[in-house]
Amino acid sequence: MSDCIFCKIIKWELPCAKIWEDENFVAILDAFPNRKWMTLIMPKKHTTSNFANTEEQLFSDIMKASHKVANILKKWLNVKRVGMVVWGLEVPHLHIKLYPFNQKQNWQFDGFENWINSWPQEDMSVLQNLAKTIIANNS
Ligand SMILES: [Zn+2]
C-alpha cells in the first residue's frame, strides 16, 4: 500500500531503528512511543490491522515473532516482563506493540500503578447477561 507508513519503513523509504527481522516480519523501536522502548512487530507484506480479519496462520506467525522479540528486549534492556498489545488502530498495517517494563511487587509495574486502577468497574450483572447472550448465540 503506497501511502502506508509501515510499508514505507519496510522499504527503507523512511528511517527506522530495526532490532530484528526474518523472512516475513520486522521489529522496530517505535519513533513515537507512549512508553520507553516500545517496540513494533509487523509483517513485511501489507496486511490489514484489523486482526480479527487476518489469516489465522499469519496471526499465529506474528505471535511467534513477537515472542522472539520480547525475549530479545528482556535480554538487552534487562527487564523482567514485556507486555503485548494488538491494538489494530492508527496505522492500517498489522502490528503488535511490545512494552518492556519491570515489576515492582505483586501486580505493580513501573509506570502502570495508577493506570489500571483508574478504569471504572463495570456492573457484573450487565457483563454476565452479555456473556450469556454471546454463548447462547455463538454455536
Ligand atoms: Zn503497509
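Modeller: Let's start with "buried": a residue counts as buried if 20 or more other C-beta atoms lie within 10 Å of its own, exposed if 12 or fewer, and partly exposed in between, with C-beta atoms placed from the backbone. By that count, buried residues make up 20% of the 139 residues here. Keep in mind that this is a predicted model, where local features need pLDDT of at least 70 and side-chain atom pairs count only at pLDDT 80 or more, while totals for chains, interfaces and linings use all residues. Residues are numbered from 1 along each chain as its sequence is written.

Colleague: What makes something a helix or a strand, and how many are there?

Modeller: They're DSSP runs, H or I over at least four residues for helices and E over at least two for strands, numbered from the N terminus. The protein has four helices and seven strands, in the order α-β-β-β-α-β-β-β-β-α-α.

Colleague: Why are β1 and β2 called paired?

Modeller: Pairing takes at least two DSSP bridges between two strands. Four bridges join β1 (residues 17-21) to β2 (residues 25-29), so they pair, and they run antiparallel. W20, for instance, has A27 in β2 as its bridge partner. The two strands form a hairpin with three residues between them.

Colleague: What makes β1 and β4 edge strands?

Modeller: Five strands form an open antiparallel sheet, ordered β1-β2-β3-β5-β4. β1 and β4 (81-85) each have a single partner strand, so one side of each lacks a neighbour in the sheet. For β4, five bridges link it to β5 (residues 96-101), with V82 opposite P100.
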